[in-house]
Amino acid sequence: MAPLFPEKSNLREPLGEAWLTGVDCKVASGPFAGKTVGEAWAEMPVEWRGTSLASAKDFPLLVKFIFSTDKLSIQVHPDDSYASAHEKNAGGRGKTEMWHVVSADSGAQVLLGLKPGVDQGKFREGMKQQTLENLFLAVPVHKGDTLFIPAGTPHTIGAGMVICEVQEYSDLTYRVYDYGRVDANGKPRELHIEKALEVTKFGSRAGGKVTPLPRPAASATRSLLVACNFFATERWECTEKTEIKVDPARFELVAILEGSGSLSWADSEANYHRGECWLVPASQARIEVLPETATSLIRTYVPDISVLRTELHRDGISAATLAQVVFD
């Protein structure tokens, strides 16, 4: 975890993820300082949440960093329809996600989606013969790549990379294969094979590596990485004072990938550092990024996908180009 969190070194046991907006994460500053994200969300007025999220019961976005020193288990996530019917005790929400590669070793790759012709029978046989990896599409990844993983797409992250993940807020994971590994007590982790087979969308090729869409910004390099009904995510590169406008319909999250400096809003200013995630209230109208060192950040929010699509069309973006980055 040292590249992003240098103080988290020489730990007693390895940590694979850092959750930035988990409901049990503590708010570090502002009027909700000391409360968990879940507690703060329950108390946030509409001026903070935004008009489109005024009645939302649960915090909608989970941002995390993943540190994969070894390949992760092969897994798949259910969609909202399946989760609401079968996983009410676990929140009843599915999991659509995206990965943005913060760093990657040479040769790093992910397995994302199945090869054409792989059906449930071949999948079961691959599990039995321990050749499941051979049925997947291998996708080489490099720093700056973005991948979209809709619910129902089986996948795994390989070794040697740091990923910023933005997802629909859910922790529902059906583990299919874990390479025979055991935990600290010598026991294998639980597998969820039958549920995984129920939710896997065999024969459907969705998601994968996406091509960022350049967007206008007065003093920064801005790209729309991916957008769907659950989140829209942008990357901003800032080397000078940069203004980010905020829509009163929703709050926004800003996660710092690289750099340091300060954020300015209204009559206040605060320093930011790599690895932090800031919640920007919907009523803020705008914030200013004042970088001391070159800054890369992720900006994400819950969009109205039809409004976003209309805005992009109005800006002259073709339907074919939109299809590469905007997913309904």
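In this predicted model, strand β12 runs antiparallel to β13 (residues 220-227), and 3 bridges hold the pairing together. Zooming out, the two strands belong to an open sheet of 6 strands, ordered β12-β13-β14-β21-β16-β19, with antiparallel pairing. At the edges sit β12 (213-215) and β19 (277-280); each has a single partner strand, so one side of each lacks a neighbour in the sheet. On average, neighbouring strands are turned by 25 degrees against each other, direction ignored. Helix α6 (residues 305-314) packs on this sheet, where it touches β12, β13, β14 (232-238) and β21 (295-301), and its direction makes about 130 degrees with that of β13.

Turning to charged side chains, the count of salt bridges comes to 24. Among them is the pair Arg181 and Asp70, with the closest N and O atoms 3.3 Å apart. This one links distant parts of the chain, 111 residues apart: Arg181 lies in the loop between β10 (174-177) and α5 (193-199), and Asp70 in the loop between β2 (61-68) and β3 (74-76). Arg181 is partly exposed at 26% relative accessibility, and Asp70 is also partly exposed, at 42%.

Another salt bridge joins Arg189 to Asp178 at 3.0 Å, N to O. Here Arg189 is partly exposed, at 39% relative accessibility, whereas Asp178, at 6%, is buried. Glu237 and Arg235 meet as well, at 2.5 Å; Glu237 is partly exposed at 29%, while Arg235 counts as buried because its 13% falls under 20%. Finally, a network of salt bridges links Arg222, Glu234, Asp247, Arg250, Glu252 and Arg299.

Conventions
Residues numbered from 1 in each chain as written. Predicted model: local features only at pLDDT ≥ 70, side-chain atom pairs only at ≥ 80, totals over all residues. Heavy atoms only, no water. Pairing = 2+ DSSP bridges. Helix = DSSP H or I, 4+ residues; strand = E, 2+ residues; numbered from the N terminus. Axes fitted to C-alpha atoms, helices over the stretch in contact; angles between N-to-C directions. Contact = heavy atoms within 4.5 Å. Salt bridge = Lys/Arg side-chain N within 4 Å of Asp/Glu carboxyl O. Buried < 20%, exposed > 50% of the residue type's maximum accessible area, 1.4 Å probe, protein only.
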